[in-house]
Amino acid sequence: MIPAERQKQLLNLIRQHHIISITQLVELLGVSHMTVRRDIQKLEQEGRVVSVSGGVKLLEHLSDELTHNAKSLLSTLQKEKIGAFAAQSIPQNTTIYLDAGTTTLEIAHRIADREDLLVVTNDFIIADFLMKNGQCRLIHCGGTVNKANYSSVGELAAQLLRQLSIDIAFISTSSWNLKGLTTPDESKLPVKRAILQSSQKKVLVSDSSKYGKSATFHICALEQFDSIICDKDLLDNAQTAIRERKIELILG
């Protein structure tokens, strides 16, 4: 059987079971463990499945995004650690971008006393916090308001971001895998893509619960990032694949 046919069969088996062990796949396909692992690796790189301990499962499809208030209750310790690592990595006299999100808000909490920074953001919660508590200079990009996530989205916000030169962009996401970042909200695409174009260094900040998920709209490939800051619960195979792509991986 040629690899493409075998991988198609493997994918059909995963769809039938939703989650299946490597041992089961070896028995059902009549091939070696090594062959199954190679096929899984290829399918995972294509963003079609995600490896788990001892097996593989389909990517979880994200049809809608949680509100800011709902997100703020999830993975709080992981977000705090990620925020601390990110804040420590920012050099003096830097222009940074903080994407809308509860993880990037943790970065804002830790840089409030930095007079040397210029912070650009599309997040109203971050802007409000830094206006009231921060020593840094601040730019909010404006644009169409996403009320559920207290952020600016759409082309108007993107136009402002394209006019700036950002040293480091800390970018958040609700869903990512080895193929890249996705979103269920089309209105977020212009802002995400504009900041990727306007920044010298691009850092993905995300806790591991977002990994292995996919949504309708593709934002960018994972290779566009120079660095990923995540927590230590990120799957081992994902850690290996990220490092093989020469992306710096920091686990908090």
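This is a short chat about a predicted model of one protein chain.

Visitor: What kind of model is this, and which cut-offs apply?
Guide: It is a predicted model: local features need pLDDT of at least 70, side-chain atom pairs count only at pLDDT 80 or more, and totals for chains, interfaces and linings use all residues. Residues are numbered from 1 along each chain as its sequence is written, and side-chain values use heavy atoms, with hydrogens and water left out.

Visitor: How many helices and strands does the chain have?
Guide: The chain has 10 helices and 17 strands. Helices (H or I, at least four residues) and strands (E, at least two) are DSSP runs, numbered from the N terminus.

Visitor: And how compact is the chain?
Guide: The chain is as compact as a globular protein of its length, because its radius of gyration is 19 Å, close to the 18 Å that the globule rule gives for 252 residues. That radius is taken over C-alpha atoms, and the rule is 2.2 Å times the number of residues to the power 0.38. Along its principal axes, the C-alpha trace spans about 65 × 30 × 30 Å.

Visitor: What share of the residues is buried?
Guide: Buried residues make up 54% of the 252. Buried means under 20% relative accessible area, exposed means over 50%, and partly exposed is in between (1.4 Å probe, protein chains only).

Visitor: What about contacts across the sequence?
Guide: Take contacts between residues at least 6 apart in sequence: 62% of them join residues at least 24 apart. Contact means heavy atoms within 4.5 Å.

Visitor: Is Cys136 buried or exposed? And Cys141?
Guide: Cys136 counts as buried, at 10% relative accessibility. Cys141 counts as buried too, at 7%.

Visitor: Where does Gly54 sit?
Guide: Gly54 is in the loop between strand 2 (49-52) and strand 3 (55-58). At 48% relative accessibility, Gly54 is partly exposed.

Visitor: Which residues does Gly54 touch, beyond its neighbours in sequence?
Guide: Setting aside neighbours within four places in sequence, Gly54 is in contact with Ser21 and Ile22.

Visitor: What is phi for His18?
Guide: Near 70°, a positive value in a residue other than glycine. His18 lies in the loop between helix 1 (3-17) and strand 1 (19-21). His18 is partly exposed, at 46% relative accessible area.

Visitor: And phi for Ser75?
Guide: Phi of Ser75 is near 50°, also positive in a residue other than glycine. Look for Ser75 in the loop between helix 4 (68-71) and helix 5 (76-88). Its relative accessible area is 23%, so Ser75 is partly exposed.

Visitor: Last one. Where is His109?
Guide: His109 is in helix 6 (residues 102-111). His109 is partly exposed, with a relative accessible area of 35%. Its C-alpha atom is 8.6 Å from that of Ile126, 17 residues apart along the chain.
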